[in-house]
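Dear colleague,

Please find the structure below, handed over for your records. My findings follow directly after it.

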Amino acid sequence: MENDIYQEFIIELYKNPRNSGRIEDADYSAKAQNPTCGDSVELFIKAKDGIITEARFLGSGCAISQASASLFTGYLIGKKVASLAKMKADEALKLIKVDLSKNPSRMKCALLPLDAMRKAVSGSY
Amino acid sequence: MFDAAKLRKDFPIFARKPGAGTDSKPLVYLDSAATSQRPKVVIDAMTSFYTEHNSNVHRGLYGIAEEATFRYEEVRKQVKRFINASDEREIIFTKNATEAANMVMRGWGEKNIRKGDRIVTTILEHHSNFVPWQQLARMKGAKLEIVGIDEEGMLDMADLERKTKGAKMLAFSAASNVLGTITDVEGICSIARDCGALSIVDGAQRVPSSKTDVSKMGCDLMFFSGHKMLAPFGAGVLYGREEILEDMDPFEYGSEMISSVTAERSEWSELPYKFESGTPDVAAVIGLGAAIGYLDRIGLDAIRAYEGSLISYMLDRLDKIEGLEILGPRSAKKRGALVSFTVAGIHPHDIAAILAEDGVCVRSGHHCAMPLHERLGIPASTRASVYLYNTKDEIDALSESLLKAKKVFS
């Protein structure tokens with residue numbers, strides 16, 4: 001199939017994002033942007049006793065970046081905050097399921113939520 | 001009869017096997033506003049320079065040194081004729097348009113702009129004709145005024161007149177790289193003159209396919225890049241009226257731009273060399289000469305007319321796509337060789353990616369015009385641009401790919 005990247009579930013998530021919204025009293029939050037293509041993801045995380053209980057995002061951008069944000073926020077629930085800083089790109093990329101190795105520019109889109117998360121937990125904006 | 005199909009054969013990349021489009025598809029190149037494709041004569045001119053005449057310029061006394069210098073200076077004369085400047089001394093070779101703008105900002109701006117002065121630019125500008133002036137204003141404590149646009153995307157001339165009164169300089173584009181808007185360069189330069197403001201024209205999107213006459217335009221300074229008009233990367237041009245350039249300080253210091261150097265002081269070269277420091281990209285300039293020759297042989301008027309017909313056709317086809325909104329003037333007569341647009345429900349980045357799969361090359365993003373996109377209220381747009389080698393079939397391909405993108409996201 002030609003549109004290997006544009007799987008139905010990605011389009012679906014783009015049109016109907018999961019975990020969308022702001023958390024007013026978030027414990028960790030940060031925004032990551034890719035000015036080259038106009039993608040942005042702002043992540044909000046709430047944790048209790050070091051475990052993530054809620055994760056949401058606000059963003060605009062391409063289907064890959066936004067679908068990725070939906071999947072990523074879901075993935076974070078139940079994870080230990082302490083383990084987040086060590087999370088590798090591969091782990092985040094697996095969520096999007098499609099092979100982006102031939103599209104390094106699209107990989108950047110898929111990793112935008114991870115960038116936001118790293119900023120959020122390191123405390124740097 | 002303009003024969004684009006025949007002209008295409010002059011461009012090796014279109015004949016590349018396998019195709020130069022993504023995944024070896026035939027190349028449907030609709031991004032000439034970013035950079036043009038190059039005809040074989042230009043590529044050959046560079047190769048022949050390196051194989052037969054390669055030498056540094058303005059220095060040696062031996063055969064190939066004289067040849068290289070001669071050929072380099074012949075291109076300067078060509079450019080002077082191409083834009084109808086009054087003298088070769090008014091033609092400065094730069095690396096690109098951006099460097100030219102910065103040369104003016106440093107060489108003219110820094111010595112002539114003072115605290116409280118007003119400098120004017122427009123919301124249409126490419127970052128290269130916006131950021132230098134913004135920074136100049138910041139550095140000097142001057143006020144940056146930005147001329148707005150109307151609903152159609154044309155410059156608000158009343159706003160321009162108002163803001164230019166009492167201003168020290170006015171920097172604007174001859175054609176917008178996003179909206180395509182063609183500005184009334186002569187009229188605007190005349191307003192600047194009446195107001196005693198220096199006029200600087202960004203000709204990047206206009207010079208490649210419109211006959212340029214700087215004497216008629218009445219501008220003080222104008223710049224453009226060779227790589228958008230079939231020439232190699234590395235050769236841009238800054239044109240300036242002689243008295244302005246004489247007054248300007250050098251931008252870069254070093255060899256070539258000096259007439260004498262002692263331990264204590266240096267004296268500058270005469271024009272144009274005062275602004276051409278160090279070793280230039282000689283081959284790129286030679287290539288620029290070949291590009292001008294190629295364009296002159298076809299005739300810029302013919303190219304402009306052909307582009308106009310393609311853009312007209314593109315506007316019509318894009319108009320028929322539901323959910324697609326064309327940005328900028330709807331009439332081909334009011335615009336240059338590009339159309340930017342948005343499609344409801346699909347991010348420009350995804351549009352470009354899906355089109356790329358069909359070999360259709362467009363540009364998505366803010367096109368180095370973030371202030372403009374903010375004014376339009378959109379984060380990004382998709383842009384298709386044409387040049388003398390594009391065809392109606394390619395516009396059909398663009399349209400079909402866009403319909404496909406819509407299907408993917410439906």
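In chain A of this predicted model, three strands form an open sheet in the order β1-β2-β3, with antiparallel pairing. Strands here are DSSP runs of E with at least two residues, helices are runs of H or I with at least four residues, and both are numbered from the N terminus. Two strands count as paired if DSSP finds at least two bridges between them. The edge strands, each pairing on one side only, are β1 (28-34) and β3 (51-60) of chain A. Direction ignored, neighbouring strands of this sheet are turned by 15 degrees against each other on average. Axes are lines fitted to C-alpha atoms, for helices over the stretch in contact, and angles run from 0 to 180 degrees between N-to-C directions.

Strand β2 (residues 39-48) of chain A runs antiparallel to β3(A) and is joined to it by nine bridges. A:Ile45 has A:Ala55 in β3(A) as its bridge partner. Helix α6 (residues 112-122) of chain A packs on the sheet and touches β1, β2 and β3 of chain A; the direction of α6 makes about 140 degrees with that of β1(A). Contact between two residues requires that their C-beta atoms, placed from the backbone, lie within 7 Å.

Two conventions apply throughout. Residues are numbered from 1 along each chain as its sequence is written, while chains are lettered from A and ligands numbered from 1 in the order in which they are written. As the model is predicted, local features need pLDDT of at least 70 and side-chain atom pairs count only at pLDDT 80 or more, whereas totals for chains, interfaces and linings use all residues.

Chain A as a whole has six helices and three strands, arranged along the sequence as α-β-β-β-α-α-α-α-α. The C-alpha trace of chain A spans about 45 × 25 × 25 Å along its principal axes. Its radius of gyration, 14 Å, agrees with the value near 14 Å for a compact globule of 125 residues; the radius is taken over C-alpha atoms, and the globule rule is 2.2 Å times the number of residues to the power 0.38. Of the 125 residues of chain A, 40% are buried, that is, 20 or more other C-beta atoms lie within 10 Å of their own, with C-beta atoms placed from the backbone.

Chain B contains 14 helices and 15 strands, and its C-alpha trace spans about 70 × 55 × 35 Å along the principal axes. With 410 residues, chain B has a radius of gyration of 22 Å, in agreement with the value near 22 Å for a compact globule. Buried residues make up 52% of chain B.

The domain assignment, which is automatic or from a database, divides chain B into domain 1 (4-30 + 299-408) and domain 2 (44-296). The contact between them takes 24 residues from domain 1 of chain B and 22 residues from domain 2 of chain B. On the domain 1 side, α11 (300-319), β12 (338-343), α13 (370-376) and β15 (381-385) of chain B each supply at least two residues, and α11(B) gives the most, with five residues. The C-alpha centres of the two domains of chain B lie 28 Å apart.

Finally, 14 residues of chain A are in contact with 14 residues of chain B.

Yours sincerely

Note on methods
Buried ≥ 20, exposed ≤ 12 C-beta atoms within 10 Å, placed from the backbone.
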